[in-house]
Amino acid sequence: METEITGSHPEQGIGVDVYDENDHYHWLAIMWDGSVDAHETDDYPHEPEDRTDDEQRIMCQVEERSRYAAQQEFPDADILDPLWDPEHIEEGLEALTNYPLADFQEQFRDYYEALQRPSEFVDDPKMDPETSGIAKPFRVRNGQVVEVSDIEIVYERTDGTAHSTGKTWEYPREELIFCKMPRIAFEDHITFEEHFPDFLVNHLMAQIRDIYLNMGEQPPREYRVQGHGKLDIYGDEDGSAEELLLEGM
């Protein structure tokens, strides 16, 4: 995907030209808060309901790629959500890699246990464990982990309603790193002491992988890994679990 910044205005935002994977042209106006004020193209239907799934995927990827291009052009602006900025996740990856092992074992043991047995951490007899999303936010500043939150669990009850254990952290968005995965049965092949630190490192690498895929780009070779990354990409609107966990940020 090819992008070019065509101009900027304090009130009208940033103009971006994009040629997508089919070499179709798009023009977008990205506002300074990251919202898309205009997205014009003659090659796809204007209304989402009239597009095929593939056309909708491309439209979403073009918008994500445009936000990224605008943020790169204006690094001091708050255009791109840091959790969808690969450079930000790379900072978290480096910080976690350098985190002292003793501190990791103290702060992340609950995450290892909750990923396998989330119902033991939720006082709700109507919880459906199979719907669980288990999160572990931590805070990074100047390339170091400076604070680690308790786990957060979002889930559906047997009546289909969404619930959360409740947010216990208030981190600035630009310092937040967010590990979030569904329930996992590690059994004996991933132990806490021997394997789990590398497992979380791989998870952040997979997040970076998914950020690039979400904007229609091939990830750098070192991030072409397998495993859980972002739970919702390609413009899915079914982001209720993450929205619950991030509510109030």
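A: Within the largest nonpolar core, which has 50 residues, the members that touch the most others are Phe108, Tyr111, Phe138, Phe196 and Leu200. A nonpolar core here is a set of buried Ala, Val, Leu, Ile, Met, Phe, Trp, Tyr and Cys residues joined through side-chain atoms within 4.5 Å; buried means under 20% relative accessible area, computed with a 1.4 Å probe on protein chains only. At least two residues of this core come from each of helix 2, helix 3, strand 5, strand 6, strand 7 (152–157), strand 9 and helix 4. Helix 4 gives the largest share, ten residues. Helices (H or I, at least four residues) and strands (E, at least two) are DSSP runs, numbered from the N terminus.

The model is predicted: local features need pLDDT of at least 70, and side-chain atom pairs count only at pLDDT 80 or more, while totals for chains, interfaces and linings use all residues. Residues are numbered from 1 along each chain as its sequence is written, and side-chain values use heavy atoms, with hydrogens and water left out.

Phe196 touches Phe104, Phe108, Tyr111, Tyr112, Leu115, Phe186, Ile190 and Thr191, residues up to four places away in sequence not being counted; contact means heavy atoms within 4.5 Å.

Helix 3 and helix 4 pack at an angle of about 75°, with their axes 10 Å apart. Axes are lines fitted to C-alpha atoms, for helices over the stretch in contact, and angles run from 0 to 180 degrees between N-to-C directions. The two helices are therefore roughly perpendicular to each other, a term for angles of 65 to 115 degrees. Leu101, Phe104, Phe108, Tyr111, Tyr112 and Leu115 of helix 3 make this contact with Phe196, Pro197 and Leu200 of helix 4.

In helix 3 the buried residues are Phe104, Phe108, Tyr111, Tyr112, Glu113, Ala114, Leu115 and Gln116. They pack against helix 2 (86–97), strand 5 (127–141), strand 6 (144–148), strand 9 (176–182) and helix 4 (196–214). Helix 3 also bends by about 50° at Phe108, the bend being the angle between axes fitted to the seven residues ending there and the seven starting there.

Beyond helix 4 lies Gly216, with a positive phi near 75°.

Notes: Angles under 35 degrees count as roughly parallel, over 145 as roughly antiparallel, 65 to 115 as roughly perpendicular and the rest as oblique.
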